Amino acid sequence: MMTDGQETGYPTLAEKIDRLIKAKRARDRRNHSYKDLAAAISGQGGPSISAAYLWQLHTRAKGNPQKKVLETLPSFFAVPFTYCFEPE
């Protein structure tokens with residue numbers, strides 16, 4: 001069972017993805033949809049990721065993300081590779 005960051009003291013992957021998406025939206029001054037983000041990830045040479053899968057990770061509907069996704073998200077959002085793995 002997944003716990004949220006308030007219970008563990010550390011942010012969950014979903015909470016980290018939320019921060020990345022919010023920061024990108026603020027930086028671009030645009031309310032990117034999951035479809036927009038998935039297309040942009042693929043367009044930058046990342047793996048094909050569906051809007052639904054991105055939504056599932058963001059909302060914690062899906063746990064245990066694919067390795068290729070964990071390698072791609074930090075690159076796309078311009079954060080260190082370790083962002084997804086470090087407690088903060």
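User: Which side chains meet in a salt bridge with 3.2 Å from N to O?

Analyst: Those of D18 and K22. Keep in mind that this is a predicted model.

User: Where do D18 and K22 sit relative to each other in helix α2?

Analyst: They are four residues apart in α2, so about one helical turn separates them.

User: And is D18 buried, exposed or partly exposed?

Analyst: D18 is partly exposed, at a relative accessible area of 23%. K22 has 52% relative accessibility and counts as exposed, because the cut-off for exposed is over 50%.

User: How many salt bridges does the structure hold?

Analyst: Four. One of them joins K24 and D28, whose closest N and O atoms are 2.8 Å apart. K24 and D28 are also four residues apart in α2, about one helical turn.

User: Is K24 buried or exposed?

Analyst: K24 is buried, with a relative accessible area of 14%.

User: What does R30 form a salt bridge with?

Analyst: With D36, where the closest N and O atoms are 3.3 Å apart. R30 is partly exposed at 44% relative accessible area, and D36 is partly exposed as well, at 29%.

User: New topic. Which residues of helix α3 are buried?

Analyst: In α3, which covers residues 34-43, the buried ones are L37, A38 and I41. Looking down the axis of α3, they fall within an arc of 100°, so they line one face of the helix.

User: What about the other side of α3?

Analyst: K35, A39 and G43 are exposed there.

User: And what covers the buried residues of α3?

Analyst: The cover includes α2 (13-28), α4 (51-59) and α5 (67-76).

User: How many residues are in the largest nonpolar core?

Analyst: It has 17 residues, and those with the most contacts inside it are I49, V69, L73 and F77. Helices α2, α3, α4 and α5 each supply at least two residues of this core. The largest share, four residues, comes from α5.

User: What does L73 touch, leaving out residues up to four places away in sequence?

Analyst: L73 touches I17, I41 and L54. I41 is also one of the buried residues of α3.

User: Okay, rings now. How many aromatic pairs does a search of the whole structure find?

Analyst: Two. In one, the rings of F76 and F77 have centres 4.9 Å apart and planes at 80°, so that pair is edge-to-face. Both F76 and F77 are buried.

User: Which residues form the tilted pair?

Analyst: F81 and F85, at 5.5 Å centre to centre, with 45° between the planes. F81 is partly exposed, with a relative accessible area of 46%. F85 is partly exposed too, at 48%.

User: Last one: what lies over the face of Y83?

Analyst: K16 does, at 5.2 Å from the ring centre.

Methods
Residues numbered from 1 in each chain as written. Predicted model: local features only at pLDDT ≥ 70, side-chain atom pairs only at ≥ 80, totals over all residues. Heavy atoms only, no water. Buried < 20%, exposed > 50% of the residue type's maximum accessible area, 1.4 Å probe, protein only. Arc of directions from axis to C-beta. Contact = heavy atoms within 4.5 Å. Phe/Tyr/Trp six-rings, centres within 6.5 Å; stacked < 30°, edge-to-face > 60°. Lys NZ or Arg CZ within 6 Å of the ring centre and 35° of its normal. Core = buried A, V, L, I, M, F, W, Y, C linked by side-chain atoms within 4.5 Å.
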